[in-house]
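Good morning, and thank you for the time.

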Amino acid sequence: MPKAYPKEFRDDVVAVAQRREPGVTIKQIAEDFGISETCLQNWLRKAEIEAGARLGTTGAESAELR
């Protein structure tokens with residue numbers, strides 16, 4: 001299993017992707033940070049769930065269920 005990226009790194013990459021200029025793709029941002037496009041898409045989806053902008057189980061809810 002690949003080593004997990006630090007939370008600070010993930011948060012920074014997600015913030016850059018969320019504030020991207022028109023015409024800048026997720027693929028370009030992922031390449032700039034040396035991660036896969038799918039990885040970044042997953043991080044963005046999780047960030048939207050945590051912010052309440054998308055339906056899903058938050059980290060807190062998941063921990064409570066465990």
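Helices here are DSSP runs of H or I, at least four residues, numbered from the N terminus.

A word on the basis: this is a predicted model, in which local features need pLDDT of at least 70 and side-chain atom pairs count only at pLDDT 80 or more, while totals for chains, interfaces and linings use all residues. Residues are numbered from 1 along each chain as its sequence is written, and side-chain values use heavy atoms, with hydrogens and water left out.

Which residues of helix 2 are buried? Helix 2 spans residues 26–33, and its buried residues (under 20% relative accessible area) are Ile26, Ile29 and Ala30. Seen down the helix axis, they fall within an arc of 100 degrees, taken from the directions from the axis to the C-beta atoms, so they line one face of helix 2. Their cover includes helix 1 (7–18) and helix 3 (37–51).

Helix 2 packs against helix 3 at an angle of about 110 degrees, with the axes 8 Å apart; axes are lines fitted to C-alpha atoms over the stretch in contact, and angles run from 0 to 180 degrees between N-to-C directions. The two helices are therefore roughly perpendicular (65 to 115 degrees). In this contact (heavy atoms within 4.5 Å), helix 2 supplies Ile26, Lys27, Ile29 and Ala30, and helix 3 supplies Glu37, Leu40, Gln41 and Leu44.

Finally, helix 2 is followed by Gly34, with a positive phi near 75 degrees.

Definitions and conventions:
Buried < 20%, exposed > 50% of the residue type's maximum accessible area, 1.4 Å probe, protein only. Parallel < 35°, antiparallel > 145°, perpendicular 65-115°, else oblique.
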